[in-house]
Amino acid sequence: MNEAPVITFDRVTRAFGDVTALDGLSLSVKVGTVTALLGANGAGKTTAVRVVTGALRPSNGFVRVFGVDPRADGESVRRRCGVVSARPGLYDRLTGRDNLEYAAQLYGLGSHAPVEDAAARFGIVHALDQRVGGYSTGMKTRLALSRAVLHDPELLLLDEPTAGLDPESARAVLSLIDEMATGGKSVLLCTHLLLEAEGLADEVIILSEGREIVSGSPEELTHRYWQGSRIVIDAEDRSSLDVIRDFEGVVGFELNGHAIVQLDDLSRVPDLVVWLTSKGVRLTRVDPRVPTLEDMYFAAYRERPT
Amino acid sequence: MKSRTLIIAKNDLRQLQRSRDFWIPMLFMAGLFFVLIPTFLLLVISRIGDIHVVQQISSTLQVLPPAARHAIEARCTTPTSCTSYALAVYLFAPLAIVVPLTISSAVGANAVVGERERGSGEFLAHSPASEREIYMGKLIASLLPGYFTTLAGFGVYAIIVNLIVGPQVGGWFFPTGEWWVLMFWIVPPFIAMALSLVLRVSARVKSAAAAQQSSGLITLPLILLAYGQSTGTLFGAKSAGWIVGGVAWLAALYGLARASHALARERLLGVDTEP
(Lines give C-alpha, C1' and ligand atoms only; values in the text may rest on other atoms or scores of the structure.)
Protein backbone atom coordinates (compact mmCIF):
# COMPACT_ATOMS: atom_id res chain seq x y z
CA MET A 1 0.00 0.00 0.00
CA ASN A 2 1.18 3.48 -0.85
CA GLU A 3 1.85 5.19 2.48
CA ALA A 4 1.97 8.75 1.11
CA PRO A 5 -1.02 10.72 2.38
CA VAL A 6 -3.83 11.17 -0.08
CA ILE A 7 -4.49 14.69 1.23
CA THR A 8 -1.97 17.02 2.82
CA PHE A 9 -2.82 20.50 4.08
CA ASP A 10 -0.01 22.57 5.52
CA ARG A 11 -1.04 25.87 7.16
CA VAL A 12 -3.84 26.41 4.68
CA THR A 13 -5.72 29.67 4.99
CA ARG A 14 -8.76 30.82 3.09
CA ALA A 15 -10.64 34.02 3.78
CA PHE A 16 -13.85 35.44 2.32
CA GLY A 17 -13.65 39.14 2.86
CA ASP A 18 -13.37 39.62 6.60
CA VAL A 19 -14.32 36.06 7.39
CA THR A 20 -11.53 33.52 7.74
CA ALA A 21 -12.94 30.12 6.85
CA LEU A 22 -9.65 28.22 7.14
CA ASP A 23 -7.06 29.60 9.48
CA GLY A 24 -3.72 27.87 9.06
CA LEU A 25 -5.23 24.40 8.87
CA SER A 26 -2.86 21.47 8.65
CA LEU A 27 -4.11 17.95 8.18
CA SER A 28 -3.22 14.69 6.59
CA VAL A 29 -5.51 11.96 5.30
CA LYS A 30 -3.92 8.55 4.87
CA VAL A 31 -4.72 6.25 1.97
CA GLY A 32 -7.47 3.75 2.71
CA THR A 33 -8.77 5.45 5.83
CA VAL A 34 -11.95 7.20 6.88
CA THR A 35 -11.18 10.62 8.27
CA ALA A 36 -13.94 12.52 10.00
CA LEU A 37 -13.82 16.29 9.94
CA LEU A 38 -15.99 17.36 12.84
CA GLY A 39 -17.14 20.81 13.72
CA ALA A 40 -20.04 23.14 14.14
CA ASN A 41 -21.58 24.99 11.21
CA GLY A 42 -19.06 27.51 9.93
CA ALA A 43 -16.07 25.59 11.28
CA GLY A 44 -14.55 25.40 7.79
CA LYS A 45 -15.45 21.86 6.76
CA THR A 46 -17.06 22.73 3.41
CA THR A 47 -14.25 25.11 2.55
CA ALA A 48 -11.75 22.35 3.26
CA VAL A 49 -13.52 19.99 0.85
CA ARG A 50 -13.62 22.68 -1.81
CA VAL A 51 -9.92 23.32 -1.42
CA VAL A 52 -9.19 19.59 -1.77
CA THR A 53 -10.66 19.42 -5.28
CA GLY A 54 -9.27 22.79 -6.31
CA ALA A 55 -12.75 24.26 -6.60
CA LEU A 56 -11.50 26.92 -4.19
CA ARG A 57 -8.03 28.37 -4.11
CA PRO A 58 -6.46 28.81 -0.71
CA SER A 59 -5.23 32.27 0.18
CA ASN A 60 -2.08 30.78 1.68
CA GLY A 61 -0.59 27.42 2.49
CA PHE A 62 0.40 24.21 0.81
CA VAL A 63 -2.08 21.66 -0.51
CA ARG A 64 -1.32 18.31 -2.06
CA VAL A 65 -3.90 15.76 -3.14
CA PHE A 66 -2.64 12.50 -4.63
CA GLY A 67 0.74 14.18 -4.47
CA VAL A 68 -0.19 17.05 -6.80
CA ASP A 69 -1.33 20.61 -6.31
CA PRO A 70 -5.05 20.83 -7.15
CA ARG A 71 -4.60 24.44 -8.22
CA ALA A 72 -2.09 23.43 -10.85
CA ASP A 73 -3.47 20.07 -11.90
CA GLY A 74 -7.07 20.22 -10.77
CA GLU A 75 -8.42 18.05 -13.55
CA SER A 76 -6.38 15.00 -12.56
CA VAL A 77 -7.35 15.49 -8.90
CA ARG A 78 -11.05 15.96 -9.57
CA ARG A 79 -11.13 12.95 -11.88
CA ARG A 80 -10.08 10.77 -8.94
CA CYS A 81 -12.47 12.31 -6.42
CA GLY A 82 -16.14 11.71 -5.80
CA VAL A 83 -17.95 14.50 -4.00
CA VAL A 84 -21.31 14.52 -2.25
CA SER A 85 -22.29 17.96 -1.02
CA ALA A 86 -24.89 18.92 1.54
CA ARG A 87 -27.16 19.95 -1.34
CA PRO A 88 -27.42 17.14 -3.89
CA GLY A 89 -26.90 19.60 -6.77
CA LEU A 90 -28.91 17.72 -9.36
CA TYR A 91 -30.70 18.92 -12.47
CA ASP A 92 -34.36 18.78 -11.51
CA ARG A 93 -35.75 19.03 -15.02
CA LEU A 94 -33.79 16.01 -16.15
CA THR A 95 -34.31 12.38 -15.24
CA GLY A 96 -32.10 10.51 -12.84
CA ARG A 97 -30.58 8.68 -15.79
CA ASP A 98 -29.82 11.97 -17.57
CA ASN A 99 -28.06 13.23 -14.45
CA LEU A 100 -25.92 10.11 -14.15
CA GLU A 101 -25.12 10.01 -17.85
CA TYR A 102 -24.08 13.66 -17.76
CA ALA A 103 -21.68 12.92 -14.91
CA ALA A 104 -20.41 9.81 -16.71
CA GLN A 105 -19.63 11.86 -19.79
CA LEU A 106 -17.91 14.62 -17.83
CA TYR A 107 -15.73 12.01 -16.14
CA GLY A 108 -14.92 10.48 -19.53
CA LEU A 109 -16.66 7.16 -18.93
CA GLY A 110 -18.32 7.06 -22.35
CA SER A 111 -21.46 5.19 -23.20
CA HIS A 112 -20.59 2.09 -21.19
CA ALA A 113 -20.76 3.85 -17.83
CA PRO A 114 -22.23 1.66 -15.09
CA VAL A 115 -25.24 3.93 -14.63
CA GLU A 116 -27.67 1.13 -13.71
CA ASP A 117 -25.19 -0.50 -11.33
CA ALA A 118 -24.47 2.75 -9.52
CA ALA A 119 -28.17 3.46 -9.16
CA ALA A 120 -28.90 -0.09 -8.04
CA ARG A 121 -26.24 0.22 -5.37
CA PHE A 122 -28.33 2.89 -3.67
CA GLY A 123 -31.75 1.46 -4.45
CA ILE A 124 -32.72 4.19 -6.88
CA VAL A 125 -32.75 2.24 -10.14
CA HIS A 126 -36.56 2.08 -10.24
CA ALA A 127 -36.74 5.88 -10.45
CA LEU A 128 -33.99 6.42 -13.01
CA ASP A 129 -36.38 7.47 -15.77
CA GLN A 130 -38.37 9.87 -13.61
CA ARG A 131 -37.66 13.56 -13.41
CA VAL A 132 -35.46 14.41 -10.46
CA GLY A 133 -37.79 17.29 -9.57
CA GLY A 134 -40.27 14.70 -8.36
CA TYR A 135 -37.78 12.88 -6.14
CA SER A 136 -37.90 13.02 -2.34
CA THR A 137 -34.90 14.42 -0.46
CA GLY A 138 -33.72 10.91 0.31
CA MET A 139 -33.98 9.83 -3.33
CA LYS A 140 -32.01 12.88 -4.42
CA THR A 141 -29.23 12.09 -1.98
CA ARG A 142 -29.17 8.49 -3.16
CA LEU A 143 -28.87 9.71 -6.74
CA ALA A 144 -26.10 12.13 -5.72
CA LEU A 145 -24.31 9.21 -4.05
CA SER A 146 -24.71 7.10 -7.18
CA ARG A 147 -23.25 9.96 -9.19
CA ALA A 148 -20.32 10.32 -6.81
CA VAL A 149 -19.26 6.68 -7.09
CA LEU A 150 -20.04 6.24 -10.79
CA HIS A 151 -16.41 6.71 -11.84
CA ASP A 152 -15.06 4.57 -8.99
CA PRO A 153 -13.21 7.40 -7.23
CA GLU A 154 -10.15 6.76 -5.09
CA LEU A 155 -11.13 9.53 -2.69
CA LEU A 156 -14.67 10.19 -1.55
CA LEU A 157 -15.45 13.59 -0.08
CA LEU A 158 -18.73 13.67 1.81
CA ASP A 159 -19.94 17.01 3.08
CA GLU A 160 -22.80 16.58 5.53
CA PRO A 161 -24.10 13.72 3.42
CA THR A 162 -26.93 12.71 5.73
CA ALA A 163 -28.37 16.20 6.27
CA GLY A 164 -32.15 15.99 6.11
CA LEU A 165 -32.21 12.30 5.31
CA ASP A 166 -34.58 9.62 6.52
CA PRO A 167 -32.94 6.86 8.57
CA GLU A 168 -32.90 4.41 5.68
CA SER A 169 -31.12 6.82 3.36
CA ALA A 170 -28.72 7.87 6.11
CA ARG A 171 -27.88 4.23 6.61
CA ALA A 172 -27.17 3.88 2.88
CA VAL A 173 -24.64 6.67 3.19
CA LEU A 174 -22.93 5.09 6.16
CA SER A 175 -22.87 1.71 4.40
CA LEU A 176 -21.21 3.36 1.43
CA ILE A 177 -18.50 4.79 3.65
CA ASP A 178 -17.92 1.43 5.22
CA GLU A 179 -17.84 -0.26 1.83
CA MET A 180 -15.42 2.27 0.39
CA ALA A 181 -13.06 1.94 3.32
CA THR A 182 -13.18 -1.83 3.13
CA GLY A 183 -12.35 -1.58 -0.56
CA GLY A 184 -9.18 0.40 0.22
CA LYS A 185 -10.58 3.77 -0.81
CA SER A 186 -10.05 6.94 1.22
CA VAL A 187 -12.97 8.87 2.67
CA LEU A 188 -13.11 12.37 4.09
CA LEU A 189 -16.38 12.78 5.96
CA CYS A 190 -17.42 16.25 7.09
CA THR A 191 -20.18 16.32 9.62
CA HIS A 192 -21.53 17.99 12.69
CA LEU A 193 -23.54 14.85 13.48
CA LEU A 194 -21.12 13.00 15.64
CA LEU A 195 -23.05 9.76 15.65
CA GLU A 196 -22.45 9.61 11.92
CA ALA A 197 -18.71 9.32 12.38
CA GLU A 198 -18.97 6.99 15.37
CA GLY A 199 -17.49 3.61 14.61
CA LEU A 200 -16.54 4.59 11.06
CA ALA A 201 -13.70 7.04 11.47
CA ASP A 202 -10.11 5.87 11.63
CA GLU A 203 -9.02 9.44 12.24
CA VAL A 204 -10.91 12.34 13.73
CA ILE A 205 -10.11 15.99 13.19
CA ILE A 206 -12.09 18.50 15.21
CA LEU A 207 -12.32 21.98 13.70
CA SER A 208 -13.34 25.26 15.20
CA GLU A 209 -13.23 28.57 13.36
CA GLY A 210 -11.11 27.13 10.60
CA ARG A 211 -8.50 25.73 12.98
CA GLU A 212 -7.81 22.23 14.15
CA ILE A 213 -8.52 21.82 17.84
CA VAL A 214 -7.42 18.25 18.08
CA SER A 215 -6.87 15.23 15.88
CA GLY A 216 -6.08 11.58 16.26
CA SER A 217 -7.63 8.16 16.20
CA PRO A 218 -10.73 7.67 18.39
CA GLU A 219 -8.58 5.55 20.72
CA GLU A 220 -6.02 8.31 21.09
CA LEU A 221 -8.71 10.84 21.77
CA THR A 222 -10.31 8.56 24.31
CA HIS A 223 -7.00 8.18 26.04
CA ARG A 224 -6.44 11.91 26.01
CA TYR A 225 -9.86 13.08 27.10
CA TRP A 226 -11.35 10.12 28.90
CA GLN A 227 -8.86 9.00 31.52
CA GLY A 228 -10.30 6.61 34.09
CA SER A 229 -13.67 4.93 33.90
CA ARG A 230 -17.03 6.60 34.13
CA ILE A 231 -20.19 5.15 35.47
CA VAL A 232 -23.69 6.53 35.47
CA ILE A 233 -25.39 5.90 38.83
CA ASP A 234 -28.95 6.70 39.77
CA ALA A 235 -31.01 6.12 42.92
CA GLU A 236 -34.57 6.44 44.17
CA ASP A 237 -33.41 9.42 46.27
CA ARG A 238 -30.91 11.32 44.15
CA SER A 239 -29.77 13.47 47.06
CA SER A 240 -28.38 10.35 48.70
CA LEU A 241 -25.88 10.00 45.84
CA ASP A 242 -23.77 12.78 47.27
CA VAL A 243 -21.99 10.29 49.53
CA ILE A 244 -20.20 8.85 46.50
CA ARG A 245 -17.64 11.64 46.82
CA ASP A 246 -16.33 9.91 49.95
CA PHE A 247 -15.69 6.55 48.27
CA GLU A 248 -12.05 5.64 47.76
CA GLY A 249 -10.96 5.72 44.11
CA VAL A 250 -13.43 8.37 42.98
CA VAL A 251 -11.50 10.89 40.89
CA GLY A 252 -14.46 12.76 39.49
CA PHE A 253 -18.06 13.31 40.44
CA GLU A 254 -20.80 15.19 38.65
CA LEU A 255 -24.43 15.29 39.78
CA ASN A 256 -26.63 16.15 36.87
CA GLY A 257 -29.93 14.47 37.69
CA HIS A 258 -28.13 11.15 37.84
CA ALA A 259 -24.51 10.95 38.99
CA ILE A 260 -21.57 10.55 36.62
CA VAL A 261 -18.75 9.04 38.59
CA GLN A 262 -15.19 8.75 37.42
CA LEU A 263 -13.22 5.96 39.06
CA ASP A 264 -9.51 5.32 38.86
CA ASP A 265 -10.26 1.67 38.09
CA LEU A 266 -13.39 0.00 36.70
CA SER A 267 -12.82 -3.02 39.02
CA ARG A 268 -13.96 -0.90 41.96
CA VAL A 269 -17.56 -0.88 40.70
CA PRO A 270 -18.78 -3.93 42.67
CA ASP A 271 -17.24 -2.53 45.87
CA LEU A 272 -18.89 0.82 45.20
CA VAL A 273 -22.31 -0.84 44.80
CA VAL A 274 -21.90 -2.78 48.06
CA TRP A 275 -20.69 0.34 49.85
CA LEU A 276 -23.60 2.45 48.65
CA THR A 277 -26.08 -0.25 49.65
CA SER A 278 -24.54 -0.32 53.12
CA LYS A 279 -25.09 3.44 53.30
CA GLY A 280 -28.80 2.90 52.64
CA VAL A 281 -28.75 4.19 49.07
CA ARG A 282 -31.40 2.36 47.01
CA LEU A 283 -29.79 2.14 43.54
CA THR A 284 -31.86 2.09 40.35
CA ARG A 285 -29.07 2.23 37.80
CA VAL A 286 -25.37 1.38 37.59
CA ASP A 287 -24.14 1.79 34.04
CA PRO A 288 -20.45 1.78 33.06
CA ARG A 289 -20.17 4.33 30.31
CA VAL A 290 -18.14 3.91 27.14
CA PRO A 291 -17.13 7.33 25.77
CA THR A 292 -18.76 8.38 22.55
CA LEU A 293 -17.29 10.61 19.89
CA GLU A 294 -19.65 13.25 21.18
CA ASP A 295 -18.10 13.05 24.64
CA MET A 296 -14.66 13.51 23.14
CA TYR A 297 -15.83 16.30 20.89
CA PHE A 298 -17.22 18.31 23.74
CA ALA A 299 -14.23 17.55 25.94
CA ALA A 300 -11.89 18.82 23.22
CA TYR A 301 -14.17 21.74 22.46
CA ARG A 302 -14.16 22.84 26.09
CA GLU A 303 -10.38 22.75 26.18
CA ARG A 304 -9.82 24.53 22.88
CA PRO A 305 -7.57 27.58 22.98
CA THR A 306 -9.55 30.79 22.76
CA MET B 1 -14.33 10.85 -25.99
CA LYS B 2 -16.71 13.75 -26.53
CA SER B 3 -15.54 17.24 -25.78
CA ARG B 4 -16.64 18.36 -22.32
CA THR B 5 -17.62 21.70 -23.84
CA LEU B 6 -20.19 19.94 -26.01
CA ILE B 7 -21.29 17.72 -23.12
CA ILE B 8 -22.03 20.78 -20.97
CA ALA B 9 -23.75 22.56 -23.84
CA LYS B 10 -25.86 19.52 -24.61
CA ASN B 11 -26.90 19.17 -20.99
CA ASP B 12 -27.99 22.80 -20.84
CA LEU B 13 -29.87 22.50 -24.12
CA ARG B 14 -31.63 19.38 -22.89
CA GLN B 15 -32.79 21.27 -19.83
CA LEU B 16 -34.08 24.09 -21.99
CA GLN B 17 -35.87 21.62 -24.19
CA ARG B 18 -37.70 20.32 -21.12
CA SER B 19 -38.54 23.78 -19.84
CA ARG B 20 -41.81 24.53 -21.56
CA ASP B 21 -42.23 27.65 -19.48
CA PHE B 22 -39.12 28.96 -21.20
CA TRP B 23 -39.41 27.92 -24.81
CA ILE B 24 -43.13 28.44 -25.39
CA PRO B 25 -42.90 32.24 -24.86
CA MET B 26 -39.75 32.30 -26.96
CA LEU B 27 -41.42 30.44 -29.82
CA PHE B 28 -44.39 32.75 -29.51
CA MET B 29 -42.12 35.76 -29.82
CA ALA B 30 -40.40 34.32 -32.90
CA GLY B 31 -43.76 33.42 -34.39
CA LEU B 32 -45.07 36.90 -33.76
CA PHE B 33 -42.13 38.66 -35.39
CA PHE B 34 -41.42 36.27 -38.24
CA VAL B 35 -44.89 34.97 -39.09
CA LEU B 36 -47.90 36.78 -37.66
CA ILE B 37 -46.96 40.45 -38.08
CA PRO B 38 -45.41 40.07 -41.59
CA THR B 39 -48.30 37.90 -42.81
CA PHE B 40 -50.89 40.34 -41.51
CA LEU B 41 -49.21 43.45 -42.91
CA LEU B 42 -48.35 41.97 -46.29
CA LEU B 43 -51.84 40.54 -46.73
CA VAL B 44 -53.40 43.86 -45.80
CA ILE B 45 -51.21 45.71 -48.33
CA SER B 46 -51.85 43.14 -51.05
CA ARG B 47 -55.61 42.94 -50.56
CA ILE B 48 -56.35 46.53 -49.56
CA GLY B 49 -59.11 48.09 -51.55
CA ASP B 50 -58.17 51.75 -51.10
CA ILE B 51 -55.49 52.29 -53.71
CA HIS B 52 -54.97 55.85 -52.50
CA VAL B 53 -53.55 54.65 -49.20
CA VAL B 54 -51.14 52.32 -50.95
CA GLN B 55 -50.00 55.11 -53.24
CA GLN B 56 -49.30 57.29 -50.23
CA ILE B 57 -47.18 54.59 -48.62
CA SER B 58 -45.46 53.94 -51.92
CA SER B 59 -44.56 57.59 -52.28
CA THR B 60 -42.77 57.52 -48.94
CA LEU B 61 -40.37 55.00 -50.44
CA GLN B 62 -38.78 57.91 -52.28
CA VAL B 63 -37.00 58.83 -49.05
CA LEU B 64 -35.07 55.53 -49.10
CA PRO B 65 -31.40 55.57 -50.12
CA PRO B 66 -30.78 55.26 -53.86
CA ALA B 67 -29.48 51.69 -53.65
CA ALA B 68 -32.65 50.52 -51.95
CA ARG B 69 -34.83 52.55 -54.29
CA HIS B 70 -33.21 51.05 -57.36
CA ALA B 71 -33.60 47.54 -55.98
CA ILE B 72 -37.29 48.12 -55.39
CA GLU B 73 -37.88 49.68 -58.76
CA ALA B 74 -36.10 46.85 -60.50
CA ARG B 75 -38.57 44.30 -59.11
CA CYS B 76 -41.96 45.99 -58.91
CA THR B 77 -44.37 47.57 -61.35
CA THR B 78 -47.29 48.83 -59.26
CA PRO B 79 -47.57 50.85 -56.03
CA THR B 80 -48.92 47.78 -54.23
CA SER B 81 -46.08 45.53 -55.34
CA CYS B 82 -43.47 48.21 -54.51
CA THR B 83 -44.88 48.71 -51.05
CA SER B 84 -45.10 44.97 -50.38
CA TYR B 85 -41.57 44.40 -51.64
CA ALA B 86 -40.16 47.23 -49.53
CA LEU B 87 -41.90 45.98 -46.42
CA ALA B 88 -40.75 42.39 -46.97
CA VAL B 89 -37.12 43.26 -47.64
CA TYR B 90 -36.48 46.31 -45.45
CA LEU B 91 -39.04 46.74 -42.67
CA PHE B 92 -38.66 43.41 -40.91
CA ALA B 93 -34.92 43.02 -41.21
CA PRO B 94 -34.04 44.42 -37.78
CA LEU B 95 -36.32 41.86 -36.17
CA ALA B 96 -33.83 39.26 -37.26
CA ILE B 97 -31.52 40.79 -34.67
CA VAL B 98 -33.99 41.45 -31.88
CA VAL B 99 -35.30 37.89 -31.65
CA PRO B 100 -31.99 36.02 -31.23
CA LEU B 101 -30.55 38.65 -28.91
CA THR B 102 -33.58 38.47 -26.65
CA ILE B 103 -33.67 34.67 -26.53
CA SER B 104 -29.92 34.20 -26.11
CA SER B 105 -29.71 36.86 -23.42
CA ALA B 106 -32.51 35.20 -21.47
CA VAL B 107 -30.75 31.83 -21.64
CA GLY B 108 -27.30 33.25 -20.95
CA ALA B 109 -28.44 35.27 -17.96
CA ASN B 110 -29.40 32.08 -16.19
CA ALA B 111 -26.40 30.06 -17.32
CA VAL B 112 -24.06 30.42 -14.35
CA VAL B 113 -26.25 31.84 -11.63
CA GLY B 114 -28.80 29.11 -12.39
CA GLU B 115 -26.21 26.42 -11.66
CA ARG B 116 -25.42 28.16 -8.42
CA GLU B 117 -29.03 28.50 -7.34
CA ARG B 118 -29.77 24.84 -8.08
CA GLY B 119 -26.65 23.73 -6.23
CA SER B 120 -25.46 21.95 -9.38
CA GLY B 121 -22.69 24.56 -9.62
CA GLU B 122 -21.03 22.68 -6.77
CA PHE B 123 -21.09 19.49 -8.83
CA LEU B 124 -19.70 21.28 -11.85
CA ALA B 125 -17.00 22.97 -9.79
CA HIS B 126 -15.84 19.58 -8.46
CA SER B 127 -15.99 17.96 -11.92
CA PRO B 128 -12.94 17.53 -14.17
CA ALA B 129 -14.26 20.15 -16.62
CA SER B 130 -11.98 23.16 -16.94
CA GLU B 131 -13.23 26.71 -16.49
CA ARG B 132 -12.83 27.34 -20.21
CA GLU B 133 -14.81 24.21 -21.09
CA ILE B 134 -17.59 25.26 -18.74
CA TYR B 135 -17.62 28.77 -20.17
CA MET B 136 -17.62 27.59 -23.78
CA GLY B 137 -20.35 25.06 -23.01
CA LYS B 138 -22.51 27.78 -21.49
CA LEU B 139 -21.79 30.08 -24.42
CA ILE B 140 -22.81 27.51 -27.02
CA ALA B 141 -25.93 26.55 -25.08
CA SER B 142 -26.94 30.20 -24.85
CA LEU B 143 -26.15 31.04 -28.45
CA LEU B 144 -27.78 28.15 -30.26
CA PRO B 145 -31.43 28.52 -29.11
CA GLY B 146 -31.59 32.16 -30.19
CA TYR B 147 -29.73 31.66 -33.43
CA PHE B 148 -31.55 28.55 -34.57
CA THR B 149 -34.93 30.00 -33.65
CA THR B 150 -33.98 32.96 -35.81
CA LEU B 151 -32.79 30.79 -38.69
CA ALA B 152 -36.00 28.78 -38.54
CA GLY B 153 -38.02 32.00 -38.36
CA PHE B 154 -36.01 33.34 -41.28
CA GLY B 155 -36.87 30.25 -43.34
CA VAL B 156 -40.57 30.52 -42.54
CA TYR B 157 -40.49 34.26 -43.21
CA ALA B 158 -38.87 33.65 -46.60
CA ILE B 159 -41.63 31.25 -47.60
CA ILE B 160 -44.37 33.62 -46.41
CA VAL B 161 -43.07 36.70 -48.21
CA ASN B 162 -42.38 34.75 -51.38
CA LEU B 163 -45.88 33.30 -51.35
CA ILE B 164 -47.60 36.64 -50.68
CA VAL B 165 -45.38 39.14 -52.48
CA GLY B 166 -43.69 36.85 -55.05
CA PRO B 167 -46.59 36.79 -57.51
CA GLN B 168 -46.60 40.62 -57.57
CA VAL B 169 -42.87 40.99 -58.32
CA GLY B 170 -42.33 38.28 -60.86
CA GLY B 171 -41.57 35.24 -58.70
CA TRP B 172 -39.56 34.24 -55.67
CA PHE B 173 -37.22 37.04 -54.67
CA PHE B 174 -36.32 36.42 -51.04
CA PRO B 175 -33.78 36.20 -49.41
CA THR B 176 -31.89 38.97 -51.10
CA GLY B 177 -28.10 39.03 -50.98
CA GLU B 178 -28.11 41.52 -48.09
CA TRP B 179 -30.27 39.21 -46.01
CA TRP B 180 -27.81 36.34 -46.40
CA VAL B 181 -25.05 38.64 -45.16
CA LEU B 182 -27.25 39.79 -42.30
CA MET B 183 -28.20 36.31 -41.13
CA PHE B 184 -24.85 34.60 -41.44
CA TRP B 185 -22.30 37.38 -41.04
CA ILE B 186 -23.87 40.07 -38.84
CA VAL B 187 -26.34 38.35 -36.52
CA PRO B 188 -23.92 35.76 -35.02
CA PRO B 189 -21.29 38.28 -33.77
CA PHE B 190 -23.97 40.50 -32.27
CA ILE B 191 -25.35 37.51 -30.32
CA ALA B 192 -21.81 36.61 -29.24
CA MET B 193 -21.18 40.20 -28.14
CA ALA B 194 -24.35 40.23 -26.08
CA LEU B 195 -23.47 36.89 -24.52
CA SER B 196 -19.96 37.99 -23.62
CA LEU B 197 -21.62 40.62 -21.42
CA VAL B 198 -24.52 38.51 -20.18
CA LEU B 199 -22.36 35.56 -19.12
CA ARG B 200 -20.14 37.89 -17.13
CA VAL B 201 -23.21 39.24 -15.40
CA SER B 202 -24.52 35.74 -14.77
CA ALA B 203 -21.23 34.77 -13.14
CA ARG B 204 -21.24 37.76 -10.83
CA VAL B 205 -24.78 38.40 -9.62
CA LYS B 206 -26.39 36.74 -6.63
CA SER B 207 -29.68 35.59 -8.14
CA ALA B 208 -31.25 34.63 -11.45
CA ALA B 209 -33.74 37.48 -11.14
CA ALA B 210 -30.91 39.99 -10.79
CA ALA B 211 -29.16 38.40 -13.76
CA GLN B 212 -32.25 38.77 -15.94
CA GLN B 213 -32.69 42.39 -14.99
CA SER B 214 -29.05 43.30 -15.42
CA SER B 215 -28.69 41.48 -18.71
CA GLY B 216 -31.80 43.22 -20.00
CA LEU B 217 -30.27 46.57 -19.22
CA ILE B 218 -26.94 45.61 -20.73
CA THR B 219 -28.28 44.15 -23.96
CA LEU B 220 -30.84 46.87 -24.65
CA PRO B 221 -28.26 49.33 -26.05
CA LEU B 222 -26.71 46.45 -27.97
CA ILE B 223 -30.09 45.60 -29.48
CA LEU B 224 -30.54 49.22 -30.53
CA LEU B 225 -27.05 49.27 -32.01
CA ALA B 226 -27.65 46.02 -33.83
CA TYR B 227 -31.01 47.28 -35.01
CA GLY B 228 -29.39 50.35 -36.51
CA GLN B 229 -26.50 48.45 -38.05
CA SER B 230 -28.70 45.83 -39.66
CA THR B 231 -30.98 48.45 -41.13
CA GLY B 232 -27.99 50.34 -42.45
CA THR B 233 -26.62 47.15 -43.95
CA LEU B 234 -29.75 46.60 -45.98
CA PHE B 235 -30.08 50.18 -47.09
CA GLY B 236 -26.42 50.89 -47.63
CA ALA B 237 -23.81 49.87 -50.15
CA LYS B 238 -23.12 46.19 -50.71
CA SER B 239 -19.84 46.34 -48.83
CA ALA B 240 -21.50 47.90 -45.75
CA GLY B 241 -22.74 44.57 -44.42
CA TRP B 242 -19.32 42.96 -44.67
CA ILE B 243 -17.70 45.87 -42.87
CA VAL B 244 -20.31 46.02 -40.11
CA GLY B 245 -20.05 42.26 -39.63
CA GLY B 246 -16.26 42.36 -39.58
CA VAL B 247 -16.19 45.01 -36.88
CA ALA B 248 -18.84 43.12 -34.92
CA TRP B 249 -16.80 39.90 -35.11
CA LEU B 250 -13.70 41.65 -33.79
CA ALA B 251 -15.66 43.19 -30.93
CA ALA B 252 -17.31 39.85 -30.17
CA LEU B 253 -14.04 37.93 -30.09
CA TYR B 254 -12.48 40.51 -27.81
CA GLY B 255 -15.52 40.44 -25.51
CA LEU B 256 -15.61 36.64 -25.39
CA ALA B 257 -11.91 36.38 -24.63
CA ARG B 258 -12.31 38.77 -21.72
CA ALA B 259 -15.47 37.14 -20.47
CA SER B 260 -13.86 33.70 -20.38
CA HIS B 261 -11.75 34.89 -17.47
CA ALA B 262 -14.85 35.99 -15.56
CA LEU B 263 -16.03 32.44 -15.08
CA ALA B 264 -13.74 31.37 -12.25
CA ARG B 265 -14.58 28.01 -10.74
CA GLU B 266 -15.37 29.74 -7.46
CA ARG B 267 -18.21 31.63 -9.12
CA LEU B 268 -20.04 28.35 -9.51
CA LEU B 269 -19.92 27.96 -5.74
CA GLY B 270 -21.20 31.44 -5.09
CA VAL B 271 -18.26 32.63 -3.05
CA ASP B 272 -16.10 35.72 -3.27
CA THR B 273 -13.31 35.11 -5.73
CA GLU B 274 -10.89 37.43 -3.99
CA PRO B 275 -9.14 35.56 -1.16
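User: Leaving aside neighbours within four places in sequence, which residues is Ile7(A) in contact with?

Analyst: This is a predicted model: local features need pLDDT of at least 70, side-chain atom pairs count only at pLDDT 80 or more, and totals for chains, interfaces and linings use all residues. Residues are numbered from 1 along each chain as its sequence is written, chains are lettered from A and ligands numbered from 1 in the order in which they are written, and side-chain values use heavy atoms, with hydrogens and water left out. Contact means heavy atoms within 4.5 Å. Beyond its neighbours within four places, Ile7(A) touches Leu27(A), Ser28(A), Val29(A), Val52(A), Arg64(A), Val65(A), Leu155(A), Leu157(A) and Leu188(A).

User: Which residues have the most contacts inside the largest nonpolar core?

Analyst: A nonpolar core is a set of buried Ala, Val, Leu, Ile, Met, Phe, Trp, Tyr and Cys residues joined through side-chain atoms within 4.5 Å. Buried means under 20% relative accessible area (exposed is over 50%, partly exposed in between; 1.4 Å probe, protein chains only). The largest core has 130 residues, and the most contacts inside it belong to Ile7(A) and Phe9(A).

User: Which helix gives the most to this core?

Analyst: Helices are DSSP runs of H or I, at least four residues, and strands are runs of E, at least two; both are numbered from the N terminus. The top contributor supplies 14 residues, spans 177-204 and lies in chain B: helix H9.

User: How many residues are in the second, separate core?

Analyst: This core includes Ala36(A), Leu189(A), Leu293(A) and Ala299(A). Its total is 34 residues.

User: How many of the residues of strand E3 (34-38) of chain A are buried?

Analyst: Side chains in a regular strand alternate between the two faces of the sheet. On one side of E3(A), Val34(A), Ala36(A) and Leu38(A) are buried; on the other, Thr35(A) and Leu37(A) are. The buried count is five of five.

User: Which residue of E8(A) stands opposite Ala36(A)?

Analyst: E3(A) runs parallel to E8 (203-208) of chain A, over four bridges. Strands pair if DSSP finds at least two bridges between them. Opposite Ala36(A) stands Val204(A).
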